[in-house]
Amino acid sequence: MLAEPVKRELTRIVSPENISFEREDLLCYSYDATGRRYVPECVLFPRSAEEVSLILKMASAEGIAVVPRGAGTGFTGGSLPVRGGIVLSTERMTQIEIDADNMVGVCGAGVVTWDFAQKAESMGLFYPPDPTSLRVSTIGGNIAECAGGPRGLKYGVTKDYVLSVEMVLPTGEVIKTAPGKTLKGVVGYNLTGLVTGSEGTLAVVTKAYLKLLPLPEARTLVVATFDTLERAGQTVIHIVRDAGVVPSALEIIDGVCLKAVDEYAKTGLGGAGSAIIVEVDGNRDAVKKDAERVERVCQRMGAQWVDVAEDQKRMKELWSLRRDISPALKRVGSLKLNEDVVVPRTNIVELIRGLEDISKKRNITIASFGHAGDGNIHVNIMADRNNPQEVERAESAVKDLFELTLGLGGTISGEHGVGITKSDYIGMELSRDTIELMKRIKRAFDPNNILNPGKVFTEEVQGV
Ligand SMILES: Cc1cc2nc3c(=O)[nH]c(=O)nc-3n(C[C@H](O)[C@H](O)[C@H](O)COP(=O)(O)OP(=O)(O)OC[C@H]3O[C@@H](n4cnc5c(N)ncnc54)[C@H](O)[C@@H]3O)c2cc1C
């Protein structure tokens, strides 16, 4: 329980309208996309790095857990206050500034990804990282998780756009990791890179300097269905290798997802074994040629149905095939263990075969889709939450999946991070020495272990 003097001091730091101890408010900050719930003792809405600094200094002195939170869309429990304490919401840090000449955007950590991308677009600029949650997720949350999306194959992920951050250490120091508007800079260690993907355990990001690109002139979407998932996987490899096209998005969807989306949104594609969605962008003439090449590869690989869309309305309709998967899968099973493994692209077909084997061995439904272009597949292991045997089989299937992925030279998470849901498994991928080095870094940043404790590592990270 927070002591009364602590409550008074926190209220003084942020002012009464930016703090709540009310149960109805606390419940709104107690969950994320895992569906798990931990209620904090207080939620704070600081507006500046200076306020965050005072909060963290106090929390460090008093040993109070502080959990940074963007929009709470994380899939691994990163924003959950598992040890109680304070949730520090960034939702009032929403300033955006675009320096069009330098092609750099500067924004507060709580800016919604979509709002930032739209603001850049209104000035003819392009912010490529596009997690499917982008209409809700925040830039701070994207940096903390190093979020990626369909455009990852051609444009990379969040880390490829973060030039610098302003961040507050758990002990209260405000740090700027690099000048911000230079595209290069190698003075000292790469702290920007270290904090990107650190899951809110090393520092609270308060402001980010983000690289922008010129907005592509044109886009075209090619969607194709196939009889099997394996054939779709082979087509993905041929599009990149033989057609020489690097699509701006290359997504794969299995038959379970297509059926679920058809039942949810009546797409008429429920009978197909798999589909791929390929987006190409760039200069108008090049886009036309690339789309033709992709279409030819799909036909050659035996596609059952191909559609090529150039107008916005049709592209949006076709993208809904992918966007509607998450809500549609809710009807397939009340428990969805959502993993985001990555393998080298050439091992996708092996991964698909292995998933079929796991599904049979554990007698469990597996629904897969994802960013096949960069080898990142979202594997959803479905179960009935009220059936303990099925839940147990689903959990065993997760371990099978990680063994399969690592055996294929992959990683157990490409986007969602470790949080609390994968902390039991990091030892399968990282050596003991690697984990110990990471813990030493955590101790150097957070000697009192107050910032997002209980995340990433299973064992306690002791202070220095
Ligand atoms: C439907 C759906 C689709 C999704 N699709 C994708 C996808 O395509 N690609 C992808 O990568 N992810 C995806 N996600 C996962 C999630 O949206 C991303 O991880 C996103 O980056 C989280 O942003 P957030 O603002 O919601 O962060 P939160 O969930 O609030 O927090 C996530 C983590 O970041 C930390 N954090 C938040 N803000 C800060 C800050 N300012 N400083 C330090 N730490 C901070 C938190 O402590 C926590 O550990 C999806 C989620 C959903 C629900």
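Modeller: Domain bounds come from an automatic or database domain assignment. Here that assignment divides the protein chain into domain 1 (1–215) and domain 2 (218–326). The model is predicted: local features need pLDDT of at least 70, side-chain atom pairs count only at pLDDT 80 or more, and totals for chains, interfaces and linings use all residues. Residues are numbered from 1 along each chain as its sequence is written.

Colleague: How many residues does each domain give to the contact between them?

Modeller: Two residues are in contact if their C-beta atoms, placed from the backbone, lie within 7 Å. Domain 1 contributes six residues and domain 2 contributes seven residues. On the side of domain 1 that touches domain 2 there are three nonpolar, one polar and two charged residues. In these classes, Ala, Val, Leu, Ile, Met, Phe, Trp, Tyr, Cys and Pro are nonpolar, Asp, Glu, Lys and Arg are charged, and the others, Gly among them, are polar. The centres of the two domains, taken over C-alpha atoms, are 34 Å apart.

Colleague: What does the radius of gyration say about the protein chain?

Modeller: The radius is taken over C-alpha atoms, and the globule rule is 2.2 Å times the number of residues to the power 0.38. For 464 residues the rule gives a compact globule a radius near 23 Å, and the protein chain agrees, with 23 Å. Its C-alpha atoms fill a box of roughly 70 × 60 × 45 Å along the principal axes.

Colleague: How many helices and strands does the protein chain have?

Modeller: Helices (H or I, at least four residues) and strands (E, at least two) are DSSP runs, numbered from the N terminus. The protein chain has 16 helices and 18 strands.

Colleague: Is Leu56 buried or exposed?

Modeller: A residue is buried if 20 or more other C-beta atoms lie within 10 Å of its own, exposed if 12 or fewer, and partly exposed in between, with C-beta atoms placed from the backbone. Leu56, in helix α3 (residues 49–62), is buried because it has 28 C-beta neighbours inside 10 Å. Apart from neighbours within four places in sequence, Leu56 is in contact with Val66, Val168, Pro170, Thr171, Gly172 and Val204. Over the protein chain, 50% of the 464 residues count as buried.

Colleague: Is Tyr264 buried or partly exposed?

Modeller: Tyr264 belongs to helix α9 (residues 255–265) and is partly exposed, because it has 17 C-beta neighbours inside 10 Å. Not counting residues up to four places away in sequence, Tyr264 touches Asp324, Pro327, Ala328 and Arg331.

Colleague: Where do the buried residues of α4 lie around its axis?

Modeller: The arc is that of the directions from the helix axis to the C-beta atoms. In α4 (residues 113–121), the residues Thr113, Phe116, Ala117 and Ala120 are buried. They fall within an arc of 95° down the axis of α4, so they line one face of the helix. The buried residues of α4 pack against β5 (96–99), β6 (104–108), β7 (125–126) and α5.

Colleague: Which residues come nearest to the ligand?

Modeller: A residue is near a molecule or strand if its C-beta atom, placed from the backbone, lies within 6 Å of it. There are 36 residues around the ligand, of which Gly70, Gly78, Gly140, Gly141 and Gly200 come nearest. Two or more residues of this shell come from each of β3 (66–69), α5 (139–145) and β10 (204–211). The largest share, five residues, is from α5. By class, the shell has 11 nonpolar, 20 polar and five charged residues.
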